[in-house]
Amino acid sequence: FSPFLPCSPLVSPIVLVTTKLILDMSGSSSSALASMLKTRKCHGLRRHHSLHSVSTHFRIPRQRQLATCNAAVVPNSSGGPTLNVDKEKNSTQQLDDDGELRNNTNVADVLVSCPDQKGVIAALAQLFYGYGCNIISSDQHTTSHDDGNVPMFYQRITVDLSELHQGRDTSALETAIDATASRFNMNWQMHKRSEKKRVAILVSKVDHCLWDLLIRHANGELDCEIALVASNHLEPGRHIAEKFHVPFHHIPISPNDSNGDLGAAKEKQEKAMRRLLNDAKVDCVVLARYMQVMSEEFCEEWAGKCINIHHSFLPAFEGARPYHRAHTRGVKLIGATAHYVSSELDAGPIIVQEVAHVSHRDDVSDLKRKGRDLERYCLARALRLHVDNRLLLHGNKTIVY
């Protein structure tokens, strides 16, 4: 039998029934065979009026692909049935981890938030339908009264713009969304998949997160553009960035240029870093173990657009040397936290957290080794959620879709 058969719950029973019928009716015409199949049930399956054109849809989760093939069941040289696949009609489209098409440039993600009220979903659905858009997916969440505030409504809508009445020009659609938003006191954003976010990675001397992000990006796991790598140290950032052909910028902290004033040198260096990010038209900043405390001005400018990785399970062990403090405390779990930066150190909205078990046998170096794996995963996952437009801010929390 064809190797496609185990993948298709529809074809296998039909082929088995066909095999038996062929053996029972050797010499019968194919039309007679098809006629009998019209009235015979296949173990609870629906009746099939023809076996000469069977369409099968099957999912291969490991490769994250959706495949469609047109197949026909025909006798092979030994008299048994086999599966003929029309290769010209086969098609594959790449899916992301959440089952959405990633290679469709006519898709946009619309993020909305407003006070919870009736009619929001209906108004948006009718609007998109009226402009020729097809809603591919929709996720929503409404907060509760528990925090004493007015319940908020959050929604992420993925729409296909390929049949937009205005073609590729979305200005009329955006104007209509804006008018609807004014009715519901709504904040909204539209992110087109064809417009990749430009990401800057800031790093100091610890390089494992930088390596991981660049490798993932090279493998196509991060749907963004790495605009630059910048560091307050020349190495190892330059060496790593050059391997991936990513522009590298060295912006050192030089107290000697500020009459020995370290505070003034840090302020000068951060201003230069902010100019670099703005000149490069960066959309998102990743602090990949960038061991500098950012100013309040920086945090306000990049609120909701700057992701930091902290090497502890926040809010425990914020600040410096968390592995040493965790070892001293004798913890049995260590963790890592990816969060948006805020003016308060390590207190911004949390995006992703992971933990690992440790024991009395583990010293500080063991905690660091185990923690590096957590840091890599958390930071990469947080960046992917951000560039895939799956994050909405709710005060000091995140709504993650």
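**Close-up views of a predicted model**

Proline 236 sits in the loop that links strand 10 (224-231) and helix 6 (237-243). This and every other view below comes from a predicted model.

View 1. The proline belongs to the loop between strand 10 and helix 6.

**View 2. Leucine 314 and proline 315 are also joined by a cis peptide bond.** Omega is near 15° here. Proline 315 lies in the loop between strand 13 and helix 9. Strand 13 spans 306-310, and helix 9 spans 322-329. Both of these elements return in the view of the largest pocket, where each gives two or more residues to the lining.

**View 3. Asparagine 185 has a positive phi.** The value is about 55°. Asparagine 185 is not a glycine, yet its phi is positive. Look for this residue in the loop between helix 4 and strand 8. Helix 4 covers residues 171-184, and strand 8 covers 187-192.

**View 4. The largest pocket holds about 600 Å³ of space.** Its lining is made by 29 residues. Closest to the centre are Tyr290, Met291, His310, His311 and Gly319. By class, the lining has 13 nonpolar, ten polar and six charged residues.

**View 5. The second largest pocket has a volume of about 380 Å³.** Here 19 residues form the lining. Leu111, Gln189, His191, Gly304 and Leu391 are the closest to the centre. Strand 5 (107-115), strand 8 (187-192) and strand 16 (391-394) are the elements that give two or more residues. Strand 8 gives the most, with four. The lining residues divide into nine nonpolar, seven polar and three charged.

**View 6. Helix 3 packs against helix 4.** Helix 3 runs over residues 120-130 and helix 4 over residues 171-184. Their axes lie 11 Å apart, at an angle of about 165°. Angles over 145 degrees count as roughly antiparallel, so helix 3 and helix 4 are roughly antiparallel to each other. Their crossing is right-handed. From helix 3, the contact uses Val120, Ala123, Leu124, Leu127 and Phe128. Helix 4 brings Leu173, Ala176, Ile177, Thr180, Arg183 and Phe184. Nine residues of this contact are nonpolar, one is polar and one is charged.

**View 7. Helix 5 packs against helix 10.** Helix 5 takes in residues 208-218. The two axes are 9 Å apart and meet at an angle of about 45°. Helix 5 and helix 10 are therefore oblique to each other. This crossing is right-handed. On the helix 5 side, the contact is made by His208, Cys209, Asp212, Leu213 and Arg216. On the helix 10 side are Arg372, Glu375, Arg376, Leu379, Ala380 and Leu383. The contact residues divide into five nonpolar, one polar and five charged.

Technical notes: Residues numbered from 1 in each chain as written. Predicted model: local features only at pLDDT ≥ 70, side-chain atom pairs only at ≥ 80, totals over all residues. Heavy atoms only, no water. 1 Å grid on protein atoms, 1.4 Å probe; cavity = no way out; pocket = protein on both sides within 12 Å on 5 of 7 lines; lining within 4 Å. Points joined across faces, edges and corners; volume = space filled by probe spheres on them. Nonpolar A, V, L, I, M, F, W, Y, C, P; charged D, E, K, R; others polar. Axes fitted to C-alpha atoms, helices over the stretch in contact; angles between N-to-C directions. Parallel < 35°, antiparallel > 145°, perpendicular 65-115°, else oblique. Left-handed = near helix turned anticlockwise from the far one by under 90°. Contact = heavy atoms within 4.5 Å.
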